[in-house]
Amino acid sequence: MHFSSVYEINTHTKFVDENVSNTCDFVIDMKHIKSVVQKLNISKGVGPDNIPPLFIRKTVNNLLVPLKAIFNKSLTSGIFPNKWKEARIVPIFKNGKKDLVLNYRPISILSTFAKIFEVLVYPYVYNLVKNQISPHQHGFMLKRSTNSNLLNYIDDVALAVDAGYQVDAIYTDFSKAFDKVNHTLLLKKLNHFGVNGKMLGWCKSYLENRSSVVVIDGYKSKSFVASSCVPQGSNLGPLFSMFMSMILLSYLNILNITYLLTT
């Protein structure tokens with residue numbers, strides 16, 4: 001019950017994309033599928049479909065044609081397969097008392113086929129939105145990380161201290177950042193950034209009606225649908241979760257404007 005209760009209800013369920021009839025110009029070929037499959041980590045466990053990564057790697061040549069057909073049909077129809085939206089949630093202990101459920105974070109174990117699909121789609125969606133993302137964003141950005149963020153921070157602090165200025169730092173954290181992402185607002189943001197037509201419909205289908213079960217020591221909970229969130233453990237989840245970071249950056253910009261107006 002705990003993990004199914006952390007999600008938000010989407011209060012605005014209707015989302016209209018005027019270009020939803022457009023076809024998707026993104027096509028996946030067998031060469032790219034094989035490249036992703038060959039990089040699979042075979043030590044990873046099986047997803048809800050009970051198909052291990054090792055099996056997929058060993059049989060890749062036989063899977064290329066059907067996977068290409070399924071992936072491209074999904075993109076042109078704007079529908080993500082329901083079977084690949086199933087997740088097995090495994091609680092991972094963070095810290096504190098082990099008998100408190102609040103001290104665990106959920107990791108979604110997904111179908112390997114779904115994760116292959118996400119890896120192939122990620123560059124296309126990223127290229128559509130990357131120019132709209134704040135240059136101050138470091139998390140989940142290509143060629144950026146906590147290291148690049150820290151280097152910029154140290155450089156700014158050093159310059160400020162050398163100039164005799166006071167330096168104030170504000171640290172914030174979103175509670176359940178992955179779980180609280182509102183699908184409707186995220187889709188509107190993606191649409192504003194240039195994701196439209198069938199690809200936007202595909203993103204909508206990918207996000208909505210994801211079913212999950214919690215598994216602990218071989219015991220399964222009842223299946224439930226996540227009304228918000230991007231799945232932790234997915235390849236597209238971090239890209240979509242940048243939506244939360246954009247809110248924070250907007251808030252900090254407002255604080256900066258307020259500060260300038262009052263000084």
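Modeller: Let's start with α4 (residues 112-129) and α7 (residues 197-207), whose axes come within 13 Å and cross at roughly 135 degrees. Axes here are lines fitted to C-alpha atoms, for helices over the stretch in contact, with angles running from 0 to 180 degrees between N-to-C directions. That angle makes α4 oblique to α7; angles under 35 degrees count as roughly parallel, over 145 as roughly antiparallel, 65 to 115 as roughly perpendicular and the rest as oblique. The helices themselves (H or I, at least four residues) and the strands (E, at least two) are DSSP runs numbered from the N terminus.

This is a predicted model, so to speak of local features we need pLDDT of at least 70, while side-chain atom pairs count only at pLDDT 80 or more, and totals for chains, interfaces and linings use all residues. Residues are numbered from 1 along each chain as its sequence is written, and side-chain values use heavy atoms, with hydrogens and water left out.

Back to the pair: α4 and α7 cross in a left-handed way (left-handed if the near helix is turned anticlockwise from the far one by less than a right angle, right-handed if clockwise). On the α4 side, Phe-117, Glu-118, Val-121, Tyr-124 and Val-125 meet Met-199, Trp-202 and Tyr-206 of α7, contact meaning heavy atoms within 4.5 Å. By class, that's 7 nonpolar, no polar and 1 charged residues. Ala, Val, Leu, Ile, Met, Phe, Trp, Tyr, Cys and Pro count as nonpolar, Asp, Glu, Lys and Arg as charged, and the others, Gly among them, as polar.

α7 also packs on α6 (residues 183-193), at about 160 degrees with the axes 10 Å apart. That makes α6 roughly antiparallel to α7, and this crossing is right-handed. His-183, Leu-186, Leu-187, Leu-190 and Asn-191 of α6 touch Leu-200, Cys-203, Lys-204 and Leu-207 of α7, giving 6 nonpolar, 2 polar and 1 charged residues.

α4, for its part, has α3 (residues 60-77) against it, at about 65 degrees and 11 Å between axes, in a right-handed crossing. Leu-63, Leu-67, Phe-71, Ser-74 and Leu-75 of α3 meet Phe-113, Ile-116, Phe-117, Leu-120 and Val-121 of α4. The tally there is 9 nonpolar, 1 polar and no charged residues.
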